[in-house]
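Biologist: I am new to this structure and would like a close look at its surface charge. Please take me through that part step by step.

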Amino acid sequence: MKNDLLQKVTSLAKRRGIIYPNSEIYGGIGGFYDYGPVGVEMKNNLKRMWWKNMVDLREDVVGIDGTIITHPKVWEASGHIKNFGDEVVECKKCHHRFRTEDVGKKCPDCGSKEFTEPRSYNLLFKTEIGVLEGEKTTAYLRGEACQTIYLDFKNVVDSTRMQIPFGIAQIGKAFRNEITPGKLTFRSREFEQWDMQFFVHPDDMEEWFEYWKKERMDWYKELYNKKENLRFWEHPKDKLAFYAKKAFDIEYKTPWGWAENEGIHWRSDYDLTQHSKFSGKNLSYVNPKTGEKYIPWIAETSGGVDRTFLMLLFDAYEEEDLGKGKTRTVLKIHKDVAAYRAAIFPLVSNKPDIVEKARDVFKTLAPEVKVIWDSRGNIGKRYRYQDEIGTPYCITVDYDSLKDDAVTVRDRDSMKQERIKIKDLLDYLK
Ligand code: GAP
């Protein structure tokens with residue numbers, strides 16, 4: 001199944017309202033995707049889980065929400081205008097272009113061995129600010145979300161009670177004019193990142209870097225079912241991003257092999273030094289107790305929201321043999337990521353008493369947990385649909401419910417059914 005998992009997940013995602021190709025009625029546009037009614041719920045849940053872990057449960061991290069367009073000088077200071085690129089080669093036979101690092105000796109599409117010389121491309125998307133021709137300024141859509149964190153560093157220090165060591169977290173869009181977008185959302189041109197920049201004294205960098213490596217890996221281990229599909233990969237010195245002194249990727253084993261899920265980067269004082277130089281504002285930090293003044297060093301955790309979400313779909317997708325030639329497709333996704341905690345079914349839709357009772361159950365649960373209503377088709381079909389979108393529980397109100405005030409709850413993973421009193425349902429689901 002491994003080889004066609006990408007295709008199966010892509011098909012399921014489209015069929016069940018998880019991920020749609022953007023602008024599909026116009027033939028699509030490479031590297032841009034929309035989340036459908038089920039996908040948006042899942043992605044929001046995933047982001048909430050990250051925020052809870054990185055911000056809500058910690059006393060040393062605060063959040064911000066920065067803009068996508070910033071002062072254009074930001075990207076000069078960050079080095080992205082000069083260095084943020086990929087090397088590209090073109091196959092001389094089929095004229096397809098590839099990132100140099102993605103091709104071996106042969107063209108992956110036609111097998112030819114002849115390529116053009118590598119050329120460099122900048123990945124930043126340009127736009128313009130202003131309306132009058134001749135007075136417009138070139139600006140850039142942020143190539144990495146974290147830059148806004150550096151821009152707000154001084155404001156956060158001045159406006160909050162935070163003292164080093166502390167972190168600033170953000171979830172937000174980033175844009176890269178990728179040469180070879182593909183593999184569904186794995187390499188997109190518009191995507192979201194979850195970033196946390198942890199500001200430390202240079203002497204404490206090693207310790208915090210190791211701390212965050214472990215912390216983030218532990219978090220991903222909680223999220224995925226197949227822990228063995230996670231590993232660290234250390235960037236060799238000659239492959240480091242232009243700003244990094246040391247970097248580890250948390251990788252997940254995708255259908256096409258190990259691939260980056262999140263980067264843990266040792267950025268030292270690079271970012272704040274550059275922004276101090278280019279802005280003329282001193283971004284040093286003064287220790288309120290000792291008076292020591294220094295440019296903080298940064299340990300960064302930077303992951304892709306869409307990429308994690310895609311990897312979660314690979315992780316959760318199962319085709320189970322139910323015997324007698326029957327199979328089921330089920331998304332065994334983390335229960336907190338699932339779009340709905342439970343689906344509510346009236347056993348039949350032509351018995352007003354049952355429908356009314358089921359609606360009461362829906363109304364009681366809806367303010368507390370996300371639930372979905374389904375009264376279409378037979379119960380078997382409803383189960384199949386909810387399995388495919390990963391709904392952990394299906395709740396059926398039947399004839400007996402009218403007498404015993406209980407319902408049948410069916411578990412997604414074990415398919416076991418239990419009779420639960422309606423008054424106990426909320427505790428059960430939570
Ligand atoms: N601030 C550091 C930074 O941006 P990165 O390794 O270039 O580091 C961080 O990006 C994460 O963003 C990656 O681990 C990946 O999950 C995600 N990411 C990067 N480029 C992406 C793309 N084109 N499409 C989807 N996700 C991407």
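What follows is a walk through the charged patches, and then through some local features of the backbone.

Modeller: Keep in mind that this is a predicted model. Start with the positive charge. K324, K326, K381 and R384 gather in a positive patch on the surface. Take two of its members in turn.

K381 sits in helix α10, which covers residues 379-389. K381 has a relative accessible area of 58%. Exposed means over 50%, so K381 counts as exposed.

K324 lies elsewhere in the chain, in the loop between β17 (317-323) and β18 (326-331). Its relative accessibility is 88%, so K324 is exposed too. The backbone of K324 also deserves a look. Its phi is near 50°, a positive value, and K324 is not a glycine. Most residues other than glycine have a negative phi.

D203 reaches 65% relative accessibility, so D203 counts as exposed.

Back to the backbone. M415 is another residue with a positive phi, about 60°, although M415 is not a glycine. M415 belongs to the loop between β22 (406-411) and β23 (417-421). Here the accessibility is 30%. Buried needs under 20% and exposed needs over 50%, so M415 falls in between and counts as partly exposed.

The next feature is a peptide bond. I164 and P165 are joined by a cis peptide bond, with omega about 5°. Most peptide bonds are trans. P165 is placed in the loop between α5 (147-159) and β9 (166-175).

E101 lies in the loop between β5 (97-99) and β6 (119-122). E101 has 58% relative accessibility, so E101 is exposed. Look from E101 to V89, twelve residues apart along the chain. Their C-alpha atoms are separated by 9.5 Å.

To go back over the charge, find K324 again. K324 belongs to the positive patch, is exposed at 88%, and has a positive phi near 50°.

Key
Residues numbered from 1 in each chain as written. Predicted model: local features only at pLDDT ≥ 70, side-chain atom pairs only at ≥ 80, totals over all residues. Heavy atoms only, no water. Patch = residues over 30% accessible without salt bridge, like charges linked within 9 Å, V, L, I, M, F, W, Y side chains within 5 Å. Areas by Shrake-Rupley, 256 points an atom, 1.4 Å probe, with all protein chains shown as cover. Salt bridge = Lys/Arg side-chain N within 4 Å of Asp/Glu carboxyl O. Lys, Arg positive; Asp, Glu negative; His and termini not counted. Charge placed at Lys NZ, Arg CZ, Asp CG, Glu CD. Helix = DSSP H or I, 4+ residues; strand = E, 2+ residues; numbered from the N terminus. Buried < 20%, exposed > 50% of the residue type's maximum accessible area, 1.4 Å probe, protein only.
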